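I opened this notebook to keep track of what I looked up, one topic to an entry. The entries go from ligand shells to a helix, then to charged side chains.

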Amino acid sequence: MTEEQRPEDQNAKGSILVVGGGISGLTAALEAAEVGYGVILVEKNPYLGGRVTQLKHYFPKLCPPTCGLEINFRRIKDNPRISFYTLAEIQSISGGPGNYDVSVKLNPRYVNEKCTCCGECERVCTTKIPNEFNFGMDTMTGAYLPSEMAFPLRYVISPKILGTDDAKKCVEACQYDAIDLEMQPENVNLKVGAIIWATGWKPYDASKIDNLGFQYENVITNMMMERLASLDGPTGGKVVRPSDSKGISKIAFVQCAGSRDENHLPYCSYICCMASLKQATYVREQFPEAKIYVFYIDIRAPGFRYEKFYKKIKEDENIFFIKGKVAEVQEDPDTKAITVVAEDAVTGEKVQETVDMAVLATGMVPNTADTRLPGDVKCDPDGFVISDLDGGGMFATGCAVKPLDVVSSNQHATGMALKAIQTLVSS
Ligand SMILES: Cc1cc2nc3c(=O)[nH]c(=O)nc-3n(C[C@H](O)[C@H](O)[C@H](O)COP(=O)(O)OP(=O)(O)OC[C@H]3O[C@@H](n4cnc5c(N)ncnc54)[C@H](O)[C@@H]3O)c2cc1C
Ligand code: SF4
Ligand code: SF4
């Protein structure tokens with residue numbers, strides 16, 4: 001599907017606006033639309049799906065996120081009550097519960113719905129830009145498909161190549177008349193009755209943690225690990241040392257990297273213990289003999305299913321759990337090996353392990369931590385959005401509210417869809 005679904009009546013007061021098209025926004029939108037309410041979804045990326053599109057597998061079932069996302073995308077396609085905009089940002093909000101006026105800016109993609117994803121523009125474009133989807137671990141050309149599971153499935157021309165010979169070459173190469181370099185930003189005005197903020201999260205910036213060695217090539221973050229292990233990632237799914245592309249015989253996971261630390265994120269990020277346990281399975285799948293060290297303060301595996309997953313991982317005799325906060329990470333400049341130093345909280349002894357690579361289990365920061373949302377939306381001191389549950393018409397869901405896994409995000413989003421419907425019914 002290359003086309004965006006646009007609302008037939010942008011002034012439908014009885015509609016719900018959902019801001020953010022990650023798993024929480026998709027769920028809130030679908031639940032409300034399938035009950036019979038009109039929903040307009042606004043996403044700033046050129047694709048829907050949010051962060052889970054970057055994951056290799058979901059814990060605890062270890063299935064690819066593609067499956068669940070595809071079902072959601074099909075539900076959207078089949079539901080005329082949902083419309084959505086990508087590359088879109090909310091400019092302003094005025095009014096109150098039951099009657100909000102919203103102005104949305106649509107940024108140009110420079111590719112229209114005639115795109116067949118033939119890839120010819122990508123082949124002729126020579127400008128390389130950092131691939132943000134892969135956290136800069138590789139580059140992509142200025143004409144690109146955001147990801148293999150992109151929805152809508154349509155190429156994007158980066159504004160970075162506008163006005164260059166490359167841009168002209170892309171237009172000439174496109175046999176479908178799908179590239180329009182004259183596209184301009186547009187504004188649309190919407191009238192909606194309730195608003196759900198599903199603006200999600202971003203990884204904590206590991207370069208702010210000065211003792212965990214993120215400056216070294218072989219120290220990566222957990223989200224980089226997801227991309228390394230993904231078949232459509234920078235190494236075609238091979239988990240290798242960034243410095244020399246060699247395989248792994250020893251690897252360390254450093255838990256609470258930045259989380260539960262007053263100097264960084266004071267809260268527990270909820271999912272990063274489970275994410276590291278899951279990533280241990282990525283390593284084990286490719287390197288049956290590799291030794292895996294997990295340095296932790298507490299392992300948080302909430303609920304029966306996650307506890308069971310943790311127990312199963314512990315059965316692996318080459319996975320070692322060391323209870324101790326990592327104090328230091330060093331690099332051997334010759335071999336590029338990484339040494340992780342911690343104090344064992346059980347024995348009180350200093351422990352250190354030299355490994356091929358270390359993965360920092362960095363936490364989740366709300367996207368609203370450093371950008372203010374329009375419409376007088378309230379946030380807590382960490383930047384998480386506070387829902388206006390007492391008669392208001394603005395609600396927040398998913399990781400916009402607190403760090404959550406996918407199942408809890410879905411449950412929360414369903415609840416917030418109901419709150420939004422109640423606003424429409426009562427106003
Ligand atoms: C390393 C790691 C591994 C993980 N693995 C798992 C796992 O295996 N299983 C699991 O259950 N959970 C996992 N998680 C957690 C999972 O990623 C989250 O639960 C999930 O992403 C929450 O979805 P969300 O929609 O709330 O937020 P997001 O996925 O962040 O989506 C938010 C969307 O809103 C958009 N947006 C933001 N601001 C605006 C704006 N102003 N206007 C318009 N759009 C906006 C964003 O572009 C994005 O598309 C993992 C997390 C990490 C860090
Ligand atoms: S050449 Fe045209 S049709 Fe082919 S991927 Fe690029 S924009 Fe789409
Ligand atoms: S989930 Fe685990 S690694 Fe993440 S902050 Fe909480 S205790 Fe630390």
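How many residues surround ligand 2, and which are the closest? I found 13 residues around ligand 2, the closest being Cys-115, Cys-118, Gly-119, Cys-121 and Cys-174, where a residue is near a molecule if one of its heavy atoms lies within 4 Å of it.

Conventions, noted before going on. This is a predicted model, in which local features need pLDDT of at least 70 and side-chain atom pairs count only at pLDDT 80 or more, while totals for chains, interfaces and linings use all residues. Residues are numbered from 1 along each chain as its sequence is written, chains are lettered from A and ligands numbered from 1 in the order in which they are written, and side-chain values use heavy atoms, with hydrogens and water left out.

Entry on shell composition. I sorted the shell around ligand 2 into ten nonpolar residues, two polar and one charged, counting Ala, Val, Leu, Ile, Met, Phe, Trp, Tyr, Cys and Pro as nonpolar, Asp, Glu, Lys and Arg as charged, and the others, Gly among them, as polar. For the shell around ligand 3 I noted six nonpolar, three polar and three charged residues. Its members include Cys-256, Cys-268, Cys-272 and Cys-273, and also Arg-260, Asp-298 and Arg-300. Strand E14 (250-257) and helix H6 (272-286) each supply at least two residues of this shell; helices (H or I, at least four residues) and strands (E, at least two) are DSSP runs, numbered from the N terminus.

Entry on salt bridges. I counted a salt bridge wherever a side-chain nitrogen of Lys or Arg lies within 4 Å of a carboxyl oxygen of Asp or Glu, and the structure holds 19 of them. Arg-260 pairs with Asp-298, with the closest N and O atoms 2.6 Å apart. Because Arg-260 lies in the loop between E14 and H6, and Asp-298 in the loop between strand E15 (291-296) and helix H7 (304-314), this pair ties together parts that are 38 residues apart in sequence. Arg-260 is partly exposed at 27% relative accessibility, as buried means under 20% relative accessible area, exposed over 50% and partly exposed in between (1.4 Å probe, protein chains only).

I then followed Asp-298 to a salt bridge with Lys-323, the closest N and O atoms being 3.4 Å apart. Lys-323 sits in strand E16, so this pair ties together parts that are 25 residues apart in sequence. Salt bridges that share partners join Arg-260, Asp-298, Arg-300 and Lys-323 into one network.

I also looked up the salt bridge between Arg-284 and Asp-316 (2.6 Å, N to O). Arg-284 lies in helix H6 and Asp-316 in the loop between H7 and strand E16 (319-323), so parts 32 residues apart in sequence are tied together. Arg-284 counts as buried, at 18% relative accessibility.

Entry on Arg-109. I located Arg-109 in the loop between strand E5 (99-106) and helix H3 (120-124), and found it buried, with a relative accessible area of 5%. Its side chain makes a polar contact of 3.3 Å with the side chain of Thr-86 and reaches the backbone oxygen of Tyr-155 at 3.5 Å. A polar contact is a pair of N or O atoms within 3.5 Å; within protein, one must be able to donate a hydrogen and the other to accept it, and residues adjacent in sequence count only if both atoms are side-chain atoms.
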